[in-house]
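Please look at the sequence and the three-dimensional structure shown here.

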Amino acid sequence: MNKLTVVLPFSSQPGFDRALQPLIQFPFIEKVIVLSDSAFKPPWPKCEGMRAASINSGKVLNKLVKKITTDFLLMITHAEEIQITQDALERFINIAESTAAGMVYSDYLEEKDKEHIGHPLNDYQLGSIRDGFDFGDVILFSVPAVHDTLRKYGAIPEVEYAGLYDLRLKVSIDHQLSHIREFLYTRTAAESKIGKEGTPLEKLFDYVDPLNRAAQKEMEEVATRHLKNIGAYLEPRFNKVPAPVHKFPVEASVVIPVRNRVRTIIHALQSALSQETNFLFNVLVVDNHSTDGTTPILADVSKRYSAVKHIIPARLDLSIGGCWNEAVSSEFCGRYAVQLDSDDLYSSPETLQKIINVFRKGDFAMVIGSYTLVNERLEEIPPGLIDHREWTDENGRNNALRINGLGAPRAFETELLRKIGFLNVGYGEDYAMVLCLSREYRIGRIYEGIYLCRRWEGNTDASLSIEQSNRNDAFKDEIRTLEIKARQDLTAK
């Protein structure tokens with residue numbers, strides 16, 4: 001069997017020694033390189049120390065690639081939490097050889113309270129370019145594939161946070177990233193940082209936390225370079241938004257898809273009706289056959305307020321995107337369609353006016369605002385304001401392929417929505433629409449908080465299982481895959 005080099009960061013935790021000792025015994029492992037942020041000489045055989053602040057450093061990775069002479073490089077990103085057998089490592093190498101993969105990763109088991117729980121991962125695809133794609137903690141690289149990649153696309157930039165991200169993106173261009181659907185190692189489960197309402201907020205909102213802005217800027221630069229390498233980068237040139245050809249009953253419509261939100265729908269309606277504007281607007285509530293008492297509330301409010309249009313679809317197979325299509329195609333819909341989720345609120349009576357002002361001042365297909373995270377009592381919770389200031393007019397639509405969300409509320413030119421149509425799904429329908437519109441048109445932004453996003457146990461993304469999270473992530477990756485192909489076709493022309 002070909003020789004293997006293992007790289008892992010040093011840890012003072014007791015689990016580090018337990019993870020390292022078996023590796024030293026495996027005969028096909030030629031060397032174990034231990035990364036440490038201080039001068040460090042490992043006392044174990046076959047081990048050598050290397051001064052490095054992080055395994056994600058571009059400078060460190062370039063140095064590693066130059067010194068490794070084995071056919072394969074195994075990276076263990078959190079060694080103190082990992083237990084892996086010789087048979088499992090042989091399986092990694094066999095898969096790499098049989099598929100000619102540039103990189104291999106596998107599912108794993110999580111050990112918690114003496115139980116072993118399977119943690120499956122997603123297959124990699126063209127659209128899996130988000131920096132948060134989960135490869136687990138054990139990754140095998142083909143060293144010849146890495147050398148070939150770096151000769152063709154250039155060395156890893158000397159970044160602090162995005163080196164490993166850059167390497168796997170470059171390797172993925174010409175080489176397969178193989179996913180082994182077997183639980184080949186065990187990870188000791190760490191406690192998750194849970195928000196006040198039980199939601200894993202660090203997972204949902206890490207990428208917009210201002211504390212991570214430097215890292216996010218590096219990730220954006222790496223992702224943009226990757227899009228240029230694969231012919232999917234869009235220059236900051238935009239088409240003019242077509243002038244409307246239809247007459248609309250009002251200037252704007254607040255669109256609220258709802259199913260079984262008896263606890264929150266009245267507050268959303270009050271927020272919408274309290275808007276103070278210099279134009280006519282209405283509220284389109286698409287009641288997706290609620291069964292909890294939401295429907296009588298909507299029927300009563302629509303009788304008392306003519307601006308509220310209670311729409312019950314004839315179809316029974318609609319999700320959120322399908323409900324949006326019902327509202328947009330309605331005779332009641334205004335020139336602009338503006339989002340308000342059934343458990344959220346506008347932050348003031350001026351929100352709707354501020355959104356339409358942006359449309360009036362610029363040539364935008366849509367406008368996206370900024371929102372503040374709050375709990376059920378409308379108290380701000382970390383990380384607070386989500387303003388997506390990483391968006392720029394020059395590169396926002398390219399960076400949008402890397403991140404998982406783009407802000408709220410979202411407002412659209414209705415005629416464009418009617419032309420394109422939302423996907424009839426309950427997750428990612430808005431993200432797909434933003435990517436599609438931004439391919440051709442300019443997107444307007446509001447960076448002040450104009451919306452309250454309420455986190456509670458009823459949120460559709462609260463306390464998801466790993467299988468549900470994987471399905472959501474895979475679907476968004478599929479959306480990105482289709483969009484990248486569309487942009488490649490566009491740039492090729």
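The sections below treat helix packing, aromatic rings and backbone geometry in turn.

## Basis of the report

The structure is a predicted model. Every value given here is therefore to be read as computed from that model.

## Packing around helix H5

Helix H5 spans residues 163–174, and helix H7 spans residues 213–229. Their axes come within 10 Å of each other and cross at roughly 10°. Because angles under 35 degrees count as roughly parallel, H5 and H7 are described as roughly parallel to each other. On the H5 side, the residues that meet H7 are Tyr165, Asp166, Leu169, Ser172 and Ile173. Their partners in H7 are Met219, Val222, Ala223, Arg225, His226 and Asn229. By residue class, this contact holds 6 nonpolar, 3 polar and 2 charged residues.

Helix H5 also packs with helix H4, which covers residues 143–153. Here the axes are 9 Å apart and the angle is about 95°. An angle from 65 to 115 degrees counts as roughly perpendicular, and H4 and H5 are therefore roughly perpendicular to each other. Helix H4 contributes Val146, Thr149, Leu150, Lys152 and Tyr153 to the contact, while H5 contributes Leu167, Lys170, Val171, Ile173 and Asp174. These residues divide into 6 nonpolar, 1 polar and 3 charged.

## The buried side of helix H10

Helix H10 runs over residues 320–329, and its buried residues are Gly321, Gly322, Cys323, Trp324, Ala327 and Val328. What do these buried residues of H10 pack against? Their neighbours include the strands E10 (252–258), E11 (281–287), E13 (336–339) and E17 (410–413). The helices H13 (414–420) and H14 (429–440) are also among the elements that they pack against.

## Aromatic rings

A pair of aromatic rings is described by two quantities, the distance of the centres and the angle of the planes. The count for this model comes to 14 aromatic pairs. One of them joins Phe133 and Phe135, with 4.7 Å from centre to centre and 50° between the planes, and this pair is tilted. Both Phe133 and Phe135 are buried. Ring pairs also link these two residues with Tyr105 and Tyr124 into a cluster.

Lysine residues lie over the faces of two tyrosine rings described here. Lys228 is placed over Tyr233, at 4.8 Å from the ring centre. Lys476 is placed over Tyr431, at 4.9 Å from the ring centre.

## Cis peptide bonds

A cis peptide bond, with omega about 0°, joins Pro382 and Pro383. Pro383 belongs to strand E16, residues 380–386. Another cis peptide bond, also with omega about 0°, joins Ala408 and Pro409.

Ala408 is located in the loop between helix H12 (396–399) and strand E17, and Pro409 is found in that loop as well. Is Ala408 buried or exposed? Its relative accessibility is 6%, so Ala408 counts as buried. Leaving aside residues up to four places away in sequence, Ala408 touches Gln339, Ile368, Gly369, Ser370, Tyr371 and Tyr451.

## Positive phi angles

Lys114 has a positive phi of about 65°, although it is not a glycine. This residue lies in the loop between strand E6 (103–112) and strand E7 (115–119). With 80% relative accessibility, Lys114 counts as exposed.

His388 likewise has a positive phi, near 50°, and is a residue other than glycine. The loop that holds His388 lies between E16 and H12. At 2% relative accessibility, His388 counts as buried.

Note on methods. Residues numbered from 1 in each chain as written. Predicted model: local features only at pLDDT ≥ 70, side-chain atom pairs only at ≥ 80, totals over all residues. Heavy atoms only, no water. Axes fitted to C-alpha atoms, helices over the stretch in contact; angles between N-to-C directions. Helix = DSSP H or I, 4+ residues; strand = E, 2+ residues; numbered from the N terminus. Parallel < 35°, antiparallel > 145°, perpendicular 65-115°, else oblique. Contact = heavy atoms within 4.5 Å. Nonpolar A, V, L, I, M, F, W, Y, C, P; charged D, E, K, R; others polar. Phe/Tyr/Trp six-rings, centres within 6.5 Å; stacked < 30°, edge-to-face > 60°. Buried < 20%, exposed > 50% of the residue type's maximum accessible area, 1.4 Å probe, protein only. Lys NZ or Arg CZ within 6 Å of the ring centre and 35° of its normal.
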